[in-house]
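Thanks for coming, everyone. Let me put the structure on the screen, and then we will walk through it together.

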Amino acid sequence: MRRALELAERGLYTTTPNPRVGCVIVRDAEIVGEGWHERAGEPHAEVNALRVAGAKAQGATAYITLEPCSHHGRTPPCDQAIILAKVGRVVAAMRDPNPLVAGRGLEAIRAAGIPVDCGIMQNEALELNIGFVSRMTRGRPWMRMKIAASLDGKTALLNGRSQWITGPEARRDGHRWRARSCAIMTGIGTVRDDDPQLTVRDVDTPRQPLRVVIDSRLETPLDARVLGTGTIIAAARAEQARIDALRGKDAEVIVLPNANGKVDLHAIMQELSRREINEVHVEAGHKLNGSLLREGLIDELLIYLAPSIIGDAARGMFDLPELTDLGARRELRLLDVSTIGSAIRVIARTGASH
């Protein structure tokens, strides 16, 4: 199963909106076939592994990181391929949270007389597909917020300048997290201050994530580098002239206002889920960071702390209201603390993800 998970991870940047899945087929203590799901629309991991195994799949054990699918999508159902190959046993890491499957794949295999075990290395399989699971079970993508800050928690100078607080190693690591995401989100403040491209550049990837700008008043400059095909501007007002101008730059504009005249952040997440977005990577300023945290939409924090001090006059990580009681502070669960180049990388999860 560990090998199957390693294979599944090869699809980290490519399988969206599908889950990352690996399969290893073992007969007489020997691996006779292995495969992984490489791209949406292409054969699934089980089919690739069965093709390699050929006749040796008969009577073998198939180790699969996710329950085999049981429905016709862009490819035929994998449970039937396993049954037809006369596999002797199936071991799955976890059930498929997709309502179209949800246990039916394993049930079909059992009904064919093939023994099934499920739950081996389940946590590792879940982490690999945490965005897919989130979309299937909660109706919204997994939202990971990346922050680069000084050791005293400052993300930008008072004038908005923030390039560069961390070193090249931390930035390269951040691009790996960008690459695994389906969408990258920022706010109009970051667009004005930094004019980011929001693209993956420091790692090889065959695709670029969707770019999403939260821009309530449609203030995105028409020469902003973020504009182009694969960019959504989420606004709160329908000013047709501005909308037409932004569309003229190949950006898509969607208007989703809340009662306060801001972008409805829950609505934009639901819209991204409808578009089969599994993981959203946020790189924004303290205002949007604070809004997303207040709305309970942040699942994970990816924080790079540089060995430097900027001072109290600079901007912090989150624009949040003052607390008068420490009991009201937001508790996090630490997942990992590592050194990346000269920076400390902290990965933590919020209550929204528990």
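Which residues does Arg135 touch, not counting residues up to four places away in sequence? They are Pro17, Arg140, Ser273, Glu276, Ile277 and Asn278. Contact here means heavy atoms within 4.5 Å.

A word on the ground rules. This is a predicted model, where local features need pLDDT of at least 70 and side-chain atom pairs count only at pLDDT 80 or more, while totals for chains, interfaces and linings use all residues. Residues are numbered from 1 along each chain as its sequence is written, and side-chain values use heavy atoms, with hydrogens and water left out.

Back to Arg135. It sits in helix α6, residues 130–138. Helices (H or I, at least four residues) and strands (E, at least two) are DSSP runs, numbered from the N terminus. Arg135 is buried, yet it has no salt bridge. Buried means under 20% relative accessible area, exposed means over 50%, and partly exposed is in between, using a 1.4 Å probe and protein chains only. A salt bridge is a side-chain nitrogen of Lys or Arg within 4 Å of a carboxyl oxygen of Asp or Glu. The nearest side chain of opposite charge is Glu276, 4.5 Å away. For charge, Lys and Arg count as positive and Asp and Glu as negative; His and the chain ends are not counted.

What does the side chain of Arg135 make a polar contact with? The side chain of Asn278, at 2.6 Å. A polar contact is a pair of N or O atoms within 3.5 Å; within protein, one must be able to donate a hydrogen and the other to accept it, and residues adjacent in sequence count only if both atoms are side-chain atoms.

Next, helix α10. It spans residues 265–274 and is mostly covered, with seven of its 10 residues buried. Those are Leu265, Ala267, Ile268, Met269, Glu271, Leu272 and Ser273. Look at the start of α10: a side-chain oxygen of Asp264 comes within 3.1 Å of the backbone nitrogen of His266. Just after α10, Glu276 takes a positive phi of about 65°.

Stay in α10 for Glu271. Is Glu271 buried or exposed? Buried, at 16% relative accessible area. Its side chain has a 2.6 Å polar contact with the side chain of Arg274. Another polar contact, 2.7 Å, joins it to the side chain of Arg275.

For contrast, take Leu100. This residue is in the loop between β4 (89–92) and α4 (104–111). Leu100 counts as exposed, because its relative accessibility is 51%. Ser70 is 30 residues away along the chain, and the two C-alpha atoms are 7.6 Å apart.

Now the salt bridges. How many are there? The count comes to 25. Here are three.

One joins Arg3 and Glu6, at 3.4 Å from N to O. Both lie in helix α1, residues 2–9, three residues apart, about one turn of the helix. Arg3 is partly exposed at 28%, and Glu6 is partly exposed at 43%.

Another links Arg225 with Asp195, with the closest N and O atoms 3.7 Å apart. Arg225 lies in the loop between β8 (210–214) and β9 (231–235), and Asp195 in the loop between α8 (188–194) and β8, so the pair ties together parts 30 residues apart in sequence.

Then there is Glu300 with Arg349, at 2.6 Å, N to O. Glu300 is in strand β12 (residues 300–306) and Arg349 in strand β14 (residues 343–349), so this pair ties together parts 49 residues apart in sequence. Both residues are buried. They also belong to a network of salt bridges that share partners, which joins Arg20, Glu127, Arg144, Arg180, Glu279, Glu300 and Arg349.

Finally, step back to the whole chain. It has 11 helices and 14 strands. Its radius of gyration is 22 Å, close to the 20 Å that the globule rule gives for 354 residues, so the chain is as compact as a globular protein of that length. That radius is taken over C-alpha atoms, and the globule rule is 2.2 Å times the number of residues to the power 0.38. Buried residues make up 53% of the 354.

That is the tour. Questions, please.
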